[in-house]
Protein chains: 2
Amino acid sequence: MSEGTAPYPVIVLVRPQLGENIGKAARAMLNFGLTEMRLVSPRDGWPNPDAGPAAAGADIVLDGAQVFDTLADAVADCAHVYATTVRKRGVTKPVVTPEEAAREVHTVQGRSAYVFGPERSGLETEDVALARKILTVPINPDFGSLNLAQAVILCAYEWSKQASLVQPTVTDLGEPAPQEELEGMIVQFEALLESTGYFFPPDRAPATRRTLRNLLTKPGWNHLEVRTLRGVLSSLGHPRER
Amino acid sequence: MSEGTAPYPVIVLVRPQLGENIGKAARAMLNFGLTEMRLVSPRDGWPNPDAGPAAAGADIVLDGAQVFDTLADAVADCAHVYATTVRKRGVTKPVVTPEEAAREVHTVQGRSAYVFGPERSGLETEDVALARKILTVPINPDFGSLNLAQAVILCAYEWSKQASLVQPTVTDLGEPAPQEELEGMIVQFEALLESTGYFFPPDRAPATRRTLRNLLTKPGWNHLEVRTLRGVLSSLGHPRER
């Protein structure tokens, strides 16, 4: 790709179960030119001896794979996080197809991450809450049975298809704040609300936090906007003497 | 699909080796609404007990699979035959991508067939000679390693994308809140910040208010989200006893 185009996206596998599937995902990625894999708490640790054979030669992907404890850590430097899921979640986030996501990934500023859940269960609601958007492959409504590597390959394929098409005209809206900045703001917000008794009763607190997180990750605020909001929160938390 | 559209394409597997891969191909097909599979001289005969488990429920495809002795027989009723291959063959036939093939399949008259070769070796030159066109997935030139089911799924996916079969689902994000709701929220926010001494010094207050307003009107929050935020602000303004 020429200078000035968006950086290559990252593929994040959350709590993958089988090393074989990690290898297959690596193979799927490299077929379409993606090399950066991140693993969040792989069930059987890392490295995993079953991954290599399944990667069919995509060793460069496996050798470079980074391991993280949490999804938040894994996407901390990413400005655009797509949670892939086949099921409708009760969250109000935009849903995009692999094609739409690829178009965005090529034209936005900042790094993008495609996030995939564990083979059996898919992403948890809390994982999805971290994402800006949901990516859903439009699939046969009567038979939706994509495995991990297939979901990865469709995303990588669409990204690759558009790699040659995209003009490097990026509108400067102010680079969207990376995930870790948003995260810092959300933590601050929650601490403040905690002190006011907002999260009451306790058994509703997780749902309330999720609602708040979904709401605060929606806007795509830039650096400056997040900084402004944090100033607001500081002011609310520590009123100046007047 | 509506009446008058082209018939669904056929997936032809030529001399497939492993029953497992036949099953995986069936699963890939049904994910994108394709059901008609034809097998040319499957190595281990047919039916094959390894196919079912790998199909992950796509039994309708396997149960309906027809077996032929030759590729010529298998595509006898097809007007448009695409030979899939990753390698350039020394034959002078048009080469199309999965996307281009899908567009043709949807618009031409007569049945179309996507033909895939054996896992290890791919299609023989004589097989390719039967086809009208060659279908090649545009792949990483330094690492082309698509397996059978992956090649099938990319073709089926592109076909499905262009069928009206699967409408991209438009998510109901909730209608954006009307201006007056936003306005009410902003007024509440400002009053709260006023009480904390946020708008200091006074001569900078108008610019600060403008910044805040721009930031709060950016997200396109819906009705419910605005209500949630107002609850948050109320909580900050009137902490509950703990």
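A: The model here is predicted, and side-chain atom pairs count only at pLDDT 80 or more.

Q: What area is buried between chain B and chain A?

A: Buried area is the accessible area that two parts lose on being put together, summed over both. For chain B and chain A the value is about 5300 Å², with 61% given by carbon and sulfur atoms. On the side of chain B, the residues that lose the most area to chain A are Asn31(B), Phe143(B) and Leu215(B), together 12% of what that side buries. The contact draws 61 residues from chain B and 62 residues from chain A.

Q: How many salt bridges does the rule find across the interface of chain B and chain A?

A: A salt bridge requires a side-chain nitrogen of Lys or Arg within 4 Å of a carboxyl oxygen of Asp or Glu. Four are found across this interface, and the count over all chains comes to 26. Lys161(A) takes part in a salt bridge with Glu158(B), where the closest N and O atoms are 2.6 Å apart. Lys161(A) also forms a salt bridge with Glu99(B), at 3.1 Å between the closest N and O atoms. Because Lys161(A) lies in helix 7 of chain A and Glu99(B) in helix 5 of chain B, this pair joins two chains.

Q: How is the crossing of helix 7 of chain A and helix 7 of chain B to be read?

A: Two packed helices are described by the angle and the distance between their axes. In this case the axes come within 11 Å and cross at roughly 65°, and the crossing is right-handed. Among the residues making the contact are Gln150(A), Tyr157(A) and Lys161(A) of chain A, with Gln150(B), Tyr157(B) and Glu158(B) of chain B.

Q: Which backbone features deserve a note?

A: Most peptide bonds are trans, and most residues other than glycine have a negative phi. The bond joining Phe200(A) and Pro201(A) is cis, with omega about 0°; Pro201(A) sits in the loop between helix 8 and helix 9 of chain A. The bond from Trp46(B) to Pro47(B) is also cis, with omega near 0°, and Pro47(B) lies in the loop between strand 2 and helix 2 of chain B. Ser41(A) has a positive phi, near 40°, and is placed in the loop between strand 2 and helix 2 of chain A.

Key. Residues numbered from 1 in each chain as written. Chains lettered and ligands numbered in written order. Predicted model: local features only at pLDDT ≥ 70, side-chain atom pairs only at ≥ 80, totals over all residues. Heavy atoms only, no water. Contact = heavy atoms within 4.5 Å. Buried area = accessible area lost by both parts, 1.4 Å probe. Axes fitted to C-alpha atoms, helices over the stretch in contact; angles between N-to-C directions. Helix = DSSP H or I, 4+ residues; strand = E, 2+ residues; numbered from the N terminus. Left-handed = near helix turned anticlockwise from the far one by under 90°.
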